[in-house]
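Please read this note with the sequence and the structure open beside it.

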Amino acid sequence: MQLALFLIFGALAVAGALNLLLQRHPINSALSLVVVMMSLAVLYWSLGAEFLAAAQVIVYSGAIMVLFVFVIMLLNAGEEEHTNGSRAAYTVGMPGAAAIFCLLSFVFLSERGKLGATEIGGYLNRGLDNISEVSATLFTRQLLPFEVTSVLILVAILGAVAIARKEQ
Amino acid sequence: MSHLTNFEVFLLLSVLKVAVVLVITLMSVAYTVLLERKVIGYMQNRWGPTRTGPFGLLQPLADGAKLFLKEDLMPLAVERPLYILAPVIALSCALVSIAVVPFGAVTHVSLSGSPGVDMFEVANVNIGLLVILGITSIGVYGIALSGWSSNNKYSLMGSLRSTAQVISYELALGLSLVGVVLRAQSLNLRTIVEVQSTHGMLSWNFFGGFQSVAFFIYLMAAYAETNRSPFDLPEAESELVAGYHTEYSSMKFAMFFMAEYANMITVSCVATLLFFGGASSPFGHLFPAFGGAVVQGILSIFWFVAKVFAFLFLYIWVRSTLPRFRYDQLMSFGWKFLLPLAVANIIVSSLVLALRG
């Protein structure tokens with residue numbers, strides 16, 4: 001059951017990501033990204049991180065991507081033209097991407113023991129309440145990074161307001 | 001029944017629950033439409049539908065048959081896949097979120113020694129509240145995409161308005177619920193109801209929990225979320241023809257229509273669960289529990305339905321009473337009034353809870 005969930009939604013995420021790159025219209029790409037994020041949310045949930053899954057859906061698919069779609073609709077962006085790609089992309093980019101993929105999978109596979117593995121769906125049936133765990137970690141051990149991140153976002157908001165504001 | 005494994009019993013009962021809940025939701029959607037037409041009719045001193053069946057009670061069936069048999073027009077300039085997908089997203093999101101709503105008291109039914117299955121809730125999820133918020137926020141795509149893919153300026157204006165409105169009011173809506181979650185210390189809807197069911201009406205979040213401010217914030221934000229009057233700018237007839245569903249006809253239009261009413265029902269259910277004690281009786285344990293488990297179960301359903309009905313009536317009452325907001329009024333009301341008030345409510349609630357220990 002859990003393996004089936006992983007296979008289905010993992011495949012869906014990869015397919016969405018590929019579709020995101022291949023689609024010509026920005027709105028189709030944005031919707032593919034929504035599919036990727038929803039599949040990731042299901043994967044998080046099957047790993048037992050139900051709060052993370054809900055946050056992923058509410059924040060990313062429900063707010064950020066809606067804003068993306070909103071902006072695309074507002075600007076009425078048309079289909080983009082595809083070029084064949086520069087020579088640099090073919091000579092450096094693709095081998096580079098392959099190398100990074102190999103490196104990452106090597107690191108993850110060799111350091112598997114230290115990362116701490118969890119069985120897929122291992123928490124699904126236990127009904128663990130990980131919201132309290134997440135909040136306890138956020139507000140005790142990780143308080144400083146958490147608050148600093150909040151301030152960072154606040155600074156970004158102020159910057160946006162300052163840029164958007166017209167001179168009187 | 002002995003040859004069924006526990007999992008099979010669970011699966012069977014779950015499928016049964018899903019089917020029953022779906023049918024009841026769709027029926028109540030149909031009859032909420034009739035209720036709206038009748039009540040607005042009486043409030044405007046006219047009759048509303050009377051011809052089909054006694055008191056017009058068969059009107060929803062006639063409307064359904066009419067919409068089903070109408071020609072499904074497909075305008076030439078639409079973006080075909082998204083145009084078809086949009087009403088599907090809107091309706092399915094509206095119907096899915098009802099799955100985590102507990103309709104009645106905890107009633108376990110077991111077949112031949114299997115672990116009991118909760119009969120009055122489709123899925124008891126420990127982040128039920130977040131699931132509802134998440135699914136509602138996905139539902140925006142239905143409206144956004146319908147307006148864009150229709151290739152019609154009125155549709156586009158309607159869906160732009162709606163998207164902006166929903167994003168703005170979602171914040172106030174989410175923040176207004178924090179006080180309730182703080183009090184219950186859980187996001188599970190069953191637990192939230194349980195906290196409120198100790199002393200009947202006195203322990204409801206609206207009265208005893210001192211979340212009445214949060215309730216009014218929630219109510220106003222929810223009206224905006226469901227695009228209902230006085231926040232029905234996305235489908236303002238006088239300006240935008242019909243807003244985002246201008247180009248839709250037949251069943252596709254009906255799906256948007258059903259989604260709107262299903263969302264109203266979900267919002268009323270959530271208001272009942274979070275602020276008015278869900279399926280618990282307003283009298284608490286004042287009267288001794290009479291009858292068996294069946295009577296008590298039916299009684300809890302009765303209280304739940306009565307409360308939800310009151311909220312639906314309020315929706316209709318508001319619609320026939322209040323004029324529509326102007327767009328800038330809508331935005332400044334949401335951002336400059338509701339949002340700060342919701343934040344203030346969180347601060348005061350958490351301070352009080354912290355001081356009480």
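1. Residues are numbered from 1 along each chain as its sequence is written, and chains are lettered from A and ligands numbered from 1 in the order in which they are written. The model is predicted: local features need pLDDT of at least 70, side-chain atom pairs count only at pLDDT 80 or more, and totals for chains, interfaces and linings use all residues.

2. Chain A puts 18 residues in contact with 17 residues of chain B (contact: C-beta atoms, placed from the backbone, within 7 Å). Helix H3 (residues 50–75) of chain A supplies the largest share of chain A's side, 14 residues (helices are DSSP runs of H or I, at least four residues, numbered from the N terminus). That side has 13 nonpolar, 3 polar and 2 charged residues (nonpolar: Ala, Val, Leu, Ile, Met, Phe, Trp, Tyr, Cys and Pro; charged: Asp, Glu, Lys and Arg; polar: the others, Gly among them).

3. In chain B, the axes of helix H3 (residues 80–96) and helix H10 (residues 250–275) come within 8 Å and cross at roughly 25° (axes are lines fitted to C-alpha atoms over the stretch in contact, and angles run from 0 to 180 degrees between N-to-C directions). H3(B) is therefore roughly parallel to H10(B) (angles under 35 degrees). The residues of their contact divide into 10 nonpolar, 2 polar and 1 charged.

4. The largest nonpolar core has 112 residues (buried Ala, Val, Leu, Ile, Met, Phe, Trp, Tyr and Cys joined through C-beta atoms within 7 Å; buried means 20 or more other C-beta atoms within 10 Å of a residue's own). H10(B) gives the most to this core, 17 residues.

How values were computed
Contact = placed C-beta atoms within 7 Å. Helix = DSSP H or I, 4+ residues; strand = E, 2+ residues; numbered from the N terminus. Parallel < 35°, antiparallel > 145°, perpendicular 65-115°, else oblique. Buried ≥ 20, exposed ≤ 12 C-beta atoms within 10 Å, placed from the backbone.
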